[in-house]
Amino acid sequence: MSDVIKHNHSVDIVKGWEIIAVMLGHIFLGSAEENIPRYLIYAFHMPLFFFVSGYLLNIEKLGTLSLSQYIRKYAKRMLGWWFVAWVVYTVSVNLMYSGRVIADYESTLHFIIRNIIYPWGHLWFVPGLFVTITFAYCINRFLRLNKDKMIALLLFISLVQMILSYSGVLPNTSVIRYHNLLFFSLGIICKRLIISEIWGWFRCIF
């Protein structure tokens, strides 16, 4: 078997339609409960993003990274640009409301911490994905399980977390949403067990 991994254009098609779905979801006005098209889009578009992210993750390579390598890799690829967007948006919103946004908090530090843990609505995805990948990294790196056991444990933990979350035992934040780990885990499983013909179906459909 060749060591060269062919680029999967079907995944690009899925991601492209996902981006369009996100744009449409923000065009429709009103809450998801009041707007059927928005409700239908919200029912699948973010879970599918986490599913695709799990599918694309190289779990073996992830486990070979040291903690410092892992932090450097994702600080550069994800968190750095996200933080730039967060700063620009946060400053813009505060200027728009003449400083009243920060004034609602006990201190500027409290404002910053609060809005990193609970980012502005559309800024939650990147830190949410980072938290999810970090969870998978910790299991892979520190438990030293083989791939199948690691995936099984990840799926089991995600199901338990989701049950506890919906039972009110574990609190959700905009960054930590426990059902995201489930869809992320299913993406990893799909790559492992269910052959890539799935993406061929997407190509035929779209």
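Predicted model: local features only at pLDDT ≥ 70, side-chain atom pairs only at ≥ 80, totals over all residues.

Colleague: How far apart are the end C-alpha atoms of helix H8?

Modeller: H8 covers residues 125–143, which makes 19 residues. At 1.5 Å a residue these should span 27 Å, and the model agrees: the end C-alpha atoms are 27 Å apart.

Colleague: Which residue follows H9 with a positive phi?

Modeller: H9 itself runs over residues 147–166 and reaches 29 Å from its first C-alpha to its last, close to the 28 Å expected. The residue after H9 with a positive phi, near 90°, is Gly-168.

Colleague: Within what arc do the buried residues of H9 fall, seen down its axis?

Modeller: The buried residues of H9 are Met-150, Ile-151, Leu-154, Ser-158, Gln-161, Met-162 and Ser-165. They line one face of the helix, because seen down the axis of H9 they fall within an arc of 100°.

Colleague: Which residues are exposed on the other side of H9?

Modeller: Exposed means over 50% relative accessible area. On the other side of H9, the exposed residues are Lys-149, Phe-156 and Ile-163.

Colleague: Is Cys-190 buried or exposed?

Modeller: The cut-off for buried is under 20% relative accessible area. Cys-138, at 33%, is partly exposed. Cys-190 has a relative accessible area of 8%, so Cys-190 is buried.

Colleague: How many disulfides does the structure hold?

Modeller: A disulfide is a covalent bond between the sulfur atoms of two cysteines. To be counted, a pair of cysteine sulfur atoms must lie within 2.5 Å. The number of disulfides in the structure is 0.

Technical notes
Residues numbered from 1 in each chain as written. Heavy atoms only, no water. Helix = DSSP H or I, 4+ residues; strand = E, 2+ residues; numbered from the N terminus. Expected span 1.5 Å × (residues − 1). Buried < 20%, exposed > 50% of the residue type's maximum accessible area, 1.4 Å probe, protein only. Arc of directions from axis to C-beta.
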